[in-house]
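Load the model in your viewer and keep the sequence beside it.

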Amino acid sequence: VDRQLCVTRFTPLAVRVFALMAGDLGKPLLRVPTTLPLPQLPEALEAVLQGEPRRSLEASSEDVSYLVQVLPYQDLDGRRRGAIVTLTDVSELMEMSRAAEAALNEFSSLTDALDAVVWKWNQGMSELLYVSQRIHSLTGWSPAELCEHPERIAPVTVPDNRGRVEAARARAQERGTVRTPLA
């Protein structure tokens, strides 16, 4: 689009989101109907025209998801002549994200039903990624608090297992499970 937000050219992919036709060249983009809601587009276009380097938006329906990026269109001396709106189909990524979230919810439901506390560290065992809800009834700390302060695990670990936990953390095992009952 040019500085007045009028369509200067478009690609076939743009037609999937904007109901553009050849007769729309020179017309305001914001008056072209869209197949997906884009309520933040006017603000993003204006921000980029005013100097922001980029704005990213998400647009989705039940069937498809797009990452919409608004970038400056500049001439060789750096003056902004308008904006470029790019569309990237991220439907597959969004579906994988929803599947991962569902798997995490199922995992959480299972671990929260146990009498024991379940926790998970990152590969280097430097960051606590997950703690089951059982931790709260045993220590008074929420899982989020413990993830923010992982040093609190050592004092609530059964004393006989503390050395083993610290040795495992020191080795930063790539894979494996360390079983550590709480005191």
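Two strands count as paired if DSSP finds at least two bridges between them. Helices (H or I, at least four residues) and strands (E, at least two) are DSSP runs, numbered from the N terminus. This is a predicted model, where local features need pLDDT of at least 70 and side-chain atom pairs count only at pLDDT 80 or more, while totals for chains, interfaces and linings use all residues. Residues are numbered from 1 along each chain as its sequence is written, and side-chain values use heavy atoms, with hydrogens and water left out.

Start with the hairpin. Strands β4 (residues 119–121) and β5 (residues 128–131) run antiparallel and are joined over three bridges. Look across from Trp119 and you'll find Val131 in β5. Six residues sit between the two strands, and in that turn Met125 has a positive phi of about 55°. Most residues other than glycine have a negative phi.

Now for the cores. In soluble globular proteins, nonpolar side chains tend to be buried together. A nonpolar core here is a set of buried Ala, Val, Leu, Ile, Met, Phe, Trp, Tyr and Cys residues joined through side-chain atoms within 4.5 Å. Buried means under 20% relative accessible area, exposed means over 50%, and partly exposed is in between (1.4 Å probe, protein chains only). The largest such core has 24 residues, and Phe18, Leu41 and Leu45 touch the most other members. At least two of its residues come from each of α1 (14–17), α2 (41–49), β1 (55–60), β2 (65–74) and β3. Helix α2 gives the largest share, five residues.

What does Leu45 touch? Contact means heavy atoms within 4.5 Å. Setting aside neighbours within four places in sequence, Leu45 is in contact with Val1, Leu5, Leu29, Leu30, Val70, Ala83 and Val85. Leu5 deserves a click of its own: this residue is in the segment before α1 and has a positive phi, near 65°. Leu5 is also buried, at a relative accessible area of 12%. Over in helix α2 you'll find Pro42, which is partly exposed at 37%. Pro42 and Leu30 are 12 residues apart in sequence, and their C-alpha atoms are 7.1 Å apart in space.

The search uses a 1 Å grid over the protein atoms alone: a cavity is a set of points where a 1.4 Å probe fits but cannot get out, a pocket is an open set with protein on both sides within 12 Å along at least five of seven lines, and lining residues have an atom within 4 Å of a point. Grid points are joined across faces, edges and corners, and a volume is the space filled by probe spheres set on the points.

The second largest pocket holds about 370 Å³. Its lining has 17 residues, with Val1, Arg9, Phe10, Ile84 and Val85 nearest the centre. Strand β3 (residues 80–89) gives the most to that lining, five residues.

How many cavities of 30 Å³ or more does a search of the whole structure find? It finds one. The largest cavity holds about 40 Å³, and is lined by Glu58, Ala59, Ser60, Ser65, Tyr66, Val90 and Met94. The largest share of this lining, three residues, comes from β1.
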